[in-house]
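Work through the exercises below with the sequence and the structure side by side, and try each task before you read its solution.

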There are 2 protein chains.
Amino acid sequence: MFYTVGEIAKKLNVAPSALRYYDKEGLLPFVERSDSGIRLFKDSDMEGLRVIECLKKTGMSIKDIKVFMDLCQLGDATINERLALIDKQRETVLEQQKQLQETLDTLNYKHWYYETAAKAGTCAVHDLLTEADIPEDLRTAYQKLKKTDE
Amino acid sequence: MFYTVGEIAKKLNVAPSALRYYDKEGLLPFVERSDSGIRLFKDSDMEGLRVIECLKKTGMSIKDIKVFMDLCQLGDATINERLALIDKQRETVLEQQKQLQETLDTLNYKHWYYETAAKAGTCAVHDLLTEADIPEDLRTAYQKLKKTDE
DNA sequence: ATAAAATTTAAAGTTAACTTTAAGTCAAGC
DNA sequence: GCTTGACTTAAAGTTAACTTTAAATTTTAT
């Protein structure tokens, strides 16, 4: 029924010290304590911890996660505020996806660049190539790397 | 023809101190200096800086980026090593994309959760719902949040 | 009953990637 | 020639998110 910090840490694959740190920072207002002061995690606390994990993966700071967890504790009056917060975070993730795709595009271009150089035995082979020789799907990444203005 | 650190910083939208830090850490072996010691960036240096920017976006550390930049300075003998490095970093980005998509899935579920709660005026509405009431594309994220084992 | 293992807190330590500061040199415009 | 703003370096400071340490207490196992 109840779990200790060590057991929950194992389940979530994080260090117990990290959970204690989250608690100290006020991220875990839902965690109960035994008479002797030991944290008692319930199965239902796992969801809160997974939400924290999720928000952390979006790059949200501990302080901002605390704001969200506090809203959760305030009950139904804060539903719209929480919705707005989730939506805002959703947008930052969409932006991150865009950025990560651009990064991958650049790496894909570089992969082709070195693959081509490897076949020729020298990077100098690229001096002989024109933009038309670059696979179409890599051309945009190439242009972004090469542009000299802005 | 040549640009100062401040000009290049503006072009790349980073602080001059960041570029000086990269230089100090050995990331910019290609940058020349004037007789009086002032950094002289060429147009062609922009590409190297953009590669650094790209690798940074993959989460690579300054130290590991230096390894790559050093390989670049060593010329054609290191083409295959550089290719392997790019490929490895490409794989980490693919993994990051997967992670980010899972994070977005969770946020999408939470969005629906609060949207539904907002319409009902209370989060308690979810106690009345069964898994079949959850939109199909959000069900996996829901299950990951709810699962109690592992 | 006792030893070992896990828990508690507060406080200090860690790390990466910069930024800031300070003191000095250089370059451009008037 | 002089001021102003940008450049230089070395060294110290910053920040977030933990981790580690230490000393004390509690729980578990024998």
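**Exercise 1. Determine how many helices and strands chain A has, and in which order they follow.**

Solution. Taking helices as DSSP runs of H or I with at least four residues and strands as runs of E with at least two, numbered from the N terminus, we find seven helices and three strands in chain A. Read along the sequence, they give the pattern β-α-α-β-β-α-α-α-α-α. This is a predicted model, in which local features need pLDDT of at least 70 and side-chain atom pairs pLDDT 80 or more, while totals for chains, interfaces and linings use all residues. Residues are numbered from 1 along each chain as its sequence is written, and chains are lettered from A and ligands numbered from 1 in the order in which they are written.

**Exercise 2. Compare the radius of gyration of chain A with that of a compact globule.**

Solution. The radius is taken over C-alpha atoms, and the globule rule is 2.2 Å times the number of residues to the power 0.38. For 150 residues a compact globule would come near 15 Å, whereas chain A has 24 Å. Next, the C-alpha trace of chain A spans about 75 × 35 × 25 Å along its principal axes.

**Exercise 3. Describe the side of chain B that touches chain A.**

Solution. Counting two residues as in contact if their C-beta atoms, placed from the backbone, lie within 7 Å, 39 residues of chain B are in contact with 39 residues of chain A. On the chain B side, helix H3 (45-57), helix H5 (79-120) and helix H7 (136-146) each give two or more residues, and H5(B) gives the most, with 23 residues.
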